[in-house]
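Colleague: I am new to this protein. Could you walk me through the model, one question at a time?

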Amino acid sequence: VVDKPPAAADYWVAGIDYGAVNPFACVLVGVSTGKYTQTGKKLWVEKEYYWNPNPKTGTGRQKTNEEFANDVQAFLEPYSVKQIYIDPSAAAFKVDLRRRGLHVVDANNEVLDGITMLASEMRRGALVICSECKNTIREIESYVWDSKAAERGRDEPIKKDDHAVDALRYVLASHKVETYQPYKNGHNAEDYLKGRFSPGPRGGF
């Protein structure tokens, strides 16, 4: 958890876990490819939109698709968002977002792949969560694996109170970050300098 983004974003992407009776979550993820920082790929959850209609734990009011689409548009408008990744089953809501000119993409909904990637990126420090994203932090900290599934030899999380986490895993499992590697294919900085400044065949640079 960090107080502010670790780098300037090259761009942003977003993930949405649609919910009408259950909570609706949208996470804004900043992306730095490393082109300007030379520190490798960095991702961070910068902001979240979270609406819980549960009368006991949330607002007690359900929103319409149009209300959610308006909220998402206003939430993402200040940012240069490349893609919005959403559960493929939310077909009607995708139409509402596309009508507003938003670039919506069906997410990879493989739970284990997404959670494995989330855990791996956080473990190596390539993914962090900004402190104002209270629901995302709470859900990650309370994430539980299903012990009964483990007894059957299967790795499965308990699907409960994981809406912001689902929105985040949609991004991680679906979006490929083109990392900046100026010296790939065996070249390095010394090779570049040598080729640029060594005397040429006519005695010039």
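What follows is a short exchange on cores, a helix and charged pairs.

Modeller: Keep in mind that this is a predicted model.

Colleague: Which element gives the largest share of the largest nonpolar core?

Modeller: This core has 26 residues, and Val-13, Val-27, Val-29, Leu-43, Val-45 and Leu-168 touch the most other members. Strands E1, E2, E3 and E6 each give two or more residues to this core, as do helices H3 and H6. The largest share is seven residues, and the element that gives them is H6.

Colleague: How many residues are in the second, separate core?

Modeller: Among its members are Cys-26, Ala-69, Ile-84 and Val-104. Nonpolar side chains tend to be buried together in soluble globular proteins. The size of this second core is 21 residues.

Colleague: Is Arg-169 buried or exposed?

Modeller: The relative accessible area of Arg-169 is 2%. Buried means under 20%, so Arg-169 is buried.

Colleague: Within what arc do the buried residues of H1 fall?

Modeller: Helix H1 runs over residues 65-76 and reaches 16 Å from its first C-alpha to its last, close to the expected 16 Å. Its buried residues are Phe-68, Ala-69, Val-72, Phe-75 and Leu-76. Seen down the axis of H1, they line one face of the helix, because they fall within an arc of 130°.

Colleague: What covers the buried residues of H1?

Modeller: Several elements take part. Strands E1, E2 and E3 are among them. The cover also includes strand E4 (81-86) and helix H2 (91-99).

Colleague: How many residues apart in sequence are the parts tied together by Glu-121 and Lys-41?

Modeller: Glu-121 forms a salt bridge with Lys-41, with the closest N and O atoms 2.8 Å apart. Glu-121 counts as buried at 7% relative accessibility, whereas Lys-41 is partly exposed at 23%. Glu-121 lies in helix H3 and Lys-41 in the loop between E2 and E3, so the pair ties together parts whose separation in sequence is 80 residues.

Colleague: Which residue joins Lys-41 and Glu-121 in one network?

Modeller: The structure holds nine salt bridges. Some of them share partners, and these join Lys-41 and Glu-121 into one network with Arg-124.

Colleague: Where does the salt-bridge partner of Arg-138 lie?

Modeller: Arg-138 forms a salt bridge with Asp-161, and their closest N and O atoms are 2.6 Å apart. Arg-138 lies in helix H4. The pair ties together parts that are 23 residues apart in sequence, because Asp-161 lies in the loop between H5 and H6.

Colleague: What is the N to O distance in the salt bridge of Glu-67 and Arg-61?

Modeller: Glu-67 counts as partly exposed at 29% relative accessibility. Arg-61 also counts as partly exposed, at 38%. Side chains of opposite charge can pair when their charged atoms come close. For Glu-67 and Arg-61, the N to O distance is 3.4 Å.

Technical notes
Residues numbered from 1 in each chain as written. Predicted model: local features only at pLDDT ≥ 70, side-chain atom pairs only at ≥ 80, totals over all residues. Heavy atoms only, no water. Buried < 20%, exposed > 50% of the residue type's maximum accessible area, 1.4 Å probe, protein only. Core = buried A, V, L, I, M, F, W, Y, C linked by side-chain atoms within 4.5 Å. Helix = DSSP H or I, 4+ residues; strand = E, 2+ residues; numbered from the N terminus. Expected span 1.5 Å × (residues − 1). Arc of directions from axis to C-beta. Contact = heavy atoms within 4.5 Å. Salt bridge = Lys/Arg side-chain N within 4 Å of Asp/Glu carboxyl O.
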